[in-house]
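Dear colleague,

Please find the structure for your review below. My notes on what was found in it follow directly after.

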Amino acid sequence: MQLTRKQTDSCIECGECTGSCPISRELSGFSPRQIIKRAMIEPDGSLLHGREIWACLSCAHCSERCPADIDFPEFIRSHREEARKAGNSPHESHHGILQAIASLQTRNIKQQRTGWAEKVGAFHDTGEYFYFVGCLPYFDVTFRYLNLFPLETAQSVLILLNKMGVEPVISNHERCCGHDALWSGNEAVFRKLASWNVEVIKSSGAKTVLFSCPEGYFTFKNYYRKYFGDLPFEVVHMTEFLARELPGAELTFEPSSDAAITYHDPCRLGRCSGIYEPPRQLFQFLPETQFVEMERSRENALCCGTSAWMECSSCSKAMQMERLQEAAQTGARTLITACPKCQIHLTCAQSGTDMDLKVRDIYTYLLKRLSGDETHSK
Amino acid sequence: MAIQGEHLNQRKEKIGSIVIVGGGIAGVQTALDIANSGFKVHLVEEKPSVGGVMAQLDKTFPTNDCSSCMMGPKLVELANHPNIEILAYTDVLDLDGEPGRFQLTLKKKARAVDPEKCVSCGICAEKCPVEVSDPFNLDLNRRKAIYVSYPQAVPLVYTIDKEHCRYFTKGKCRICEKLCENKAIFFDQEDEIVRLKTGAVILAGGFEPFDARIRGEYGYGRWPNVVTSLEYERILSGAGPFQGHIQRISDGKIPRRIAWIQCVGSRDNHLGREYCSAVCCMYATKQAMITREHDIEATIFYIDIRAHGKGFDRFYERSKSDSDVRYVRSMISRVIPNPEDDTLRISYATPEHHIREETFDMVVLSVGLCPNPSAKQLAEKIGIQLNEYGFCASDPLDVVVTSRPGVYVCGVVQGPKDIQDSVQQGSSAAARATALLADARGSLVAPPAIPVERNVSDEEPRIGVFVCHCGINIAGVVDVEAVADYARSLPNVTYATHCMFACSNDQQQEIKHAIKEHGLNRVLVAACTPRTHEPLFRNTLREAGLNPYLFELANIREQDSWVHQAEPETATEKGKDLVRMSVFRARLLKPLYETSYEIIQTALVIGGGLAGLTAALSVSEQGFPAILVERTTELGGNARTLYYTEDGANPAQYVQELIKQVEDQSLITVYKETEVVSITGNCGNFTSTLSVRGESEVVSHGVVLVASGGQEYKPSEYLYGQHPRVITQKEFEAMLMSQPEEVKQLKRVAMIQCVGSREPEYLYCSRVCCTAAIKNSLKLKSMNPNAQVSVMYRDIRTYGFKESYYLKARQQGIRFYRFEREEKPKVASQGAHLSISVFDAQLQTPIQLEADLLVLSAAIRPSKESKQLTEVLRLPLDQDGFFMEAHPKLRPLDFATAGFYLCGLSQGPKFANETIAQARGAALRAIIVLSKKEIVAEGMINHVDSGRCRACGECEEACCFEAIKVKEVEGGRKQAVVTEALCTGCGGCNVACPTGAASLAHFQEEQINAMIEESI
């Protein structure tokens, strides 16, 4: 499971990772090239005891470029468990509430996870498709202060699915996918959450699991498979599903007065999963819409600045501002992303500035532009 | 053809012709070597003209010689060779048959121009209304839809670009057809299928540069000032789109700062291209040095600098010390454009672990070499195995041999390599192919047609002057037009002009034309050095019916434009002076006549190691006797203890088989415990005295192959010889083979690289040590997986496919620590063990290592015999004590002295398979001489005026060649007599002669005095 020594050994010390790293730019002295070499020489040394191990965003800029094909994010991840054991923990953001919520879900708790859905559409306990909602209900109560309503994303997905003739399973027993636990060195928490989820989905009889969240998709696709072997269901991202099914679904979209739109590739969907095209295909369904790319897009897209709700800092803020400015430079007024965390982080960074980009989630935006839809217009 | 085919079938005769597929430098060299050794050659090239990528280069490393000028003479020889047929714009479709008797199916693509009628006057292109981007200049400028790739192209025939031609795309125009006076335009011309019989096939299909668009983060194709290295060659070239002025693509402004990014498309596992392209470090260094001459800052971003070839490290060091090229060891993640001024931002990791951002006006991407897709396709079609990267797979030790018998390979299509290695491999493939067909030598070649010589003895001198631009090499400094105008005003100058490249094939036609039209009887070219170019122009005169000695070369490049770059006006005046001097000398030139004499068709091979054995066997395979001289009691040399290579070959076993073959070969006479003590004579006719176990023996031979070998340096550093646990890499290899039990006990093995290499007094890379250390580390790991191996290095130089073993070593957990020359590892004895401290240059921290064995990668030094031989043979050594070839790119296998060839470690450090290829190549170069019955002696020899000779013997004393001796002549009188075949025209006797009786033809006193008088 752990990235083996052999994989990092193949480093040829070229330094491309360090040059690629957005943290190295902001945090003087942070250098993946050095970290790998040091870890080779003293495996129990400074990596486990320093702050660097938590500073990495695992954004995969470096591994995307690495000529020796080293998966640096995975290398970092695999050492975080040990770092924790050595008493080295990350700074948790938002006072640790999101970590607490995740670990609570490892227990046999009673959740109210489907209330939002009852109001807007049809869903079932069993069926062909399973919509994995992820943490949106918890984010919804946490980020009201930013004037964000992450459940709108889930509601939009459900409405779109219904309109396409799909009435998915939405389960009250679903748990956090475990992504953040996995990436902050809490493998035990991840395992518990993941085995819950596998059982819940199995019992629904679903053959296809749809994800609106890139982290859930990435975690299922890669880590669930690693921990639990082949899954008895297919893992599909909503943008993939929509890009494939929309053309035959007889849904039409309306023109709008919005100026140009641009799109921010989330790390877990883009570099980590290779899904670049499907979200862009969706924009082509929107009439009279000018889609513009940011200077850095696809595999070059800048990260939104923090991961796994930890180590949020001035460094994160600098990256977020850089990203927002890049979006503004395109002339677009609407910045669309496909990840709730990217939306939260970029919205947070913009608050208190005089920038007025609309940071929107892709599903909510699509639904807003859908012809003849009044159910969800706000 | 059918009847001839059946006839051949019955007699099972081999066909005395060879097809070469690919007309780049490798193919061109192969074609010339084969054609000059008695075989017919068909050179097939898919593009409209030959020349390949070398024709696009500005200069070549490590000498910074002009690429066109080096290629020019070869292309001229190729174009005019009676035994070479060039089939340009032709594709190979299929290959049938067996070695010695193949049938090749070709498609001659329709040019829509009749090559027989086209005289390349260029009117068609001038008037063609369609402009398209010019692929020869990498689309940096425009050409017409009817075109020649470059003005010096061979064959010089126009071709219609059917994709863009207005007639072919829209059905009307035909302007070119109307204007062509020779009626050469032929719109209805169709592709023609041609079948050729041939004895052997050589694939030399070359490469294509990596498509930089694949690495989108560098912005190639999006940001105008990001260019590829090949584009930059065209930018630098005087014949390129900007006439050699370095300028930005976006605005034509002169850049102030340029960055090079290395390994674009190379050493990149992520892209499935883990191999190293072997040439980019050196070409970037070259480009940066030339760029510095324009006073532009140059920075190279790299992983390791791979300066593994002969003279490369000195070149690299010079680029830092003399040219101020900056090198930064960090790869670049992306190039960020600044839209306001089209500058480019790059950020990189500094040694202090920081990120630094810098702005450049231009970025050059050092793109790697990829297999040529059409060569790859052809190889697949005719059943040649490819390696995992798509290059032709070949035998690990005999690298020109492919998986299909009778089909050989050379150049980059076999694997990334530089021009020198391509040329050597070309000669080697030629040796292999001609050995296969040795019985058919001479069966299909035509005797050269030499026109009748015009008698000019009664004519007043009529001199034609041709002033060469040499791209911008000369014209960039000297006002060549003014020099030509001035020449026109000089006495006896009938005609004077200036031209882009005097040495190009089209220009030879111009010179011949001018001789005829203006009745010239002397020709003066003001260009470069006679050392490389005189034979070419002399031949042009010969073909025009003039005696070749009526040619004069004024060197306005090395002696003028290159040394007076900063003073163009004075340089122009000096150019005029040089031309005037030469004109006055040319007026006095006299025809000289060469005599021919018989060749002794035997080769003397000095050195019985891998190189010498291979060379001797190669010579004998072609039916010529060889004398093999070995200093020690045993044949085999260093190869006897080369037990394995990284790619699974076994040189030790190979050399034992080779020794057996040599000893069984009746044409080879082996002398062991023998040294050459003296040599007299000249090319084609040598007499040598050997000391065979102390006894003198005299042998006669036509050529000499020097393969005196090299040896591992015995270190004086790092406790070698003082501590029993410090050994060399070769000793370690022997230990791995003979003491497996001890090897299994090793816990910690340390290795130190560059011991005795890359030092100020030995400023060269020993080429093999990185791979040897990696090979031995992997072997150790396979025998003893728990052993910890630490390699201390300066740059890892696993060039070409060897890079995959470096990656493998890394993956096996072998540790690499980089140190700087100024901070070498320190080794201390700790009882039976060693303690080593090394300052890791990457981490910037000291590392402490314990080792129970320290292995030193010791340098390769030339054998002691080299120094002694250089005196006996009068051959030059380079600064490092290796023998010096005639020219590193043009003639890497020849000495400057005719009849002498070199190969193996005596020429420079190299791998076993490179030695084998080089030895075969050198043997073929020698066979070019041996395969002729007669050789023409130099006409430029000494003459003795019998009236003035006092028979004092001073000349005899002065002559190194025993060519002049005091003898009794008619009437019992004594006089100095010259043996024409031995005289080299060196002039030594002229200087010694007290009376002026001895005079050198072509350098007579009045000729020299005329020049001196004009110079004052």
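Strand β39 of chain B, which covers residues 748–755, contains B:C754. In this predicted model, B:C754 has a positive phi of about 60° although the residue is not a glycine. B:C754 counts as buried because it has 25 C-beta neighbours inside 10 Å, where 20 or more are required.

A positive phi is also found in chain A, at A:E13, where the angle is near 60° and the residue is again one other than glycine. A:E13 belongs to the loop that runs between α1 (5–9) and α2 (16–20) of chain A. With 25 C-beta neighbours inside 10 Å, A:E13 is therefore classed as buried.

The bond from B:F61 to B:P62 is cis, its omega being near -5°. B:P62 is placed in the loop between β3 (59–60) and β4 (65–66) of chain B. B:V154 and B:P155 are likewise joined by a cis peptide bond, with omega at about -5°. In this case the proline, B:P155, sits in the loop between β10 (146–147) and β11 (159–160) of chain B.

I turn next to the contact between the chains. Chain A contributes 30 residues to this contact and chain B contributes 26 residues. On the side of chain B that touches chain A, β20 (343–349) and α22 (803–811) of chain B each supply at least two residues. By class, that side of chain B comprises ten polar, nine nonpolar and seven charged residues.

Finally, there is the domain arrangement of chain A. The domain assignment divides chain A into domain 1 (5–85), domain 2 (94–245) and domain 3 (249–369). The centres of domain 2 and domain 3 of chain A, taken over C-alpha atoms, are separated by 21 Å. The contact between these two domains takes 34 residues from domain 2 of chain A and 29 residues from domain 3 of chain A. Several helices of chain A each supply at least two residues of the side of domain 2 that touches domain 3, among them α9 (97–104), α11 (136–142), α15 (214–228) and α16 (238–245). The largest share of that side of domain 2, seven residues, comes from α12 of chain A. The side of domain 2 of chain A that touches domain 3 of chain A holds 19 nonpolar, eight polar and seven charged residues.

With kind regards

Note on methods:
Residues numbered from 1 in each chain as written. Chains lettered and ligands numbered in written order. Predicted model: local features only at pLDDT ≥ 70, side-chain atom pairs only at ≥ 80, totals over all residues. Contact = placed C-beta atoms within 7 Å. Helix = DSSP H or I, 4+ residues; strand = E, 2+ residues; numbered from the N terminus. Nonpolar A, V, L, I, M, F, W, Y, C, P; charged D, E, K, R; others polar. Buried ≥ 20, exposed ≤ 12 C-beta atoms within 10 Å, placed from the backbone. Domains from an automatic or database assignment.
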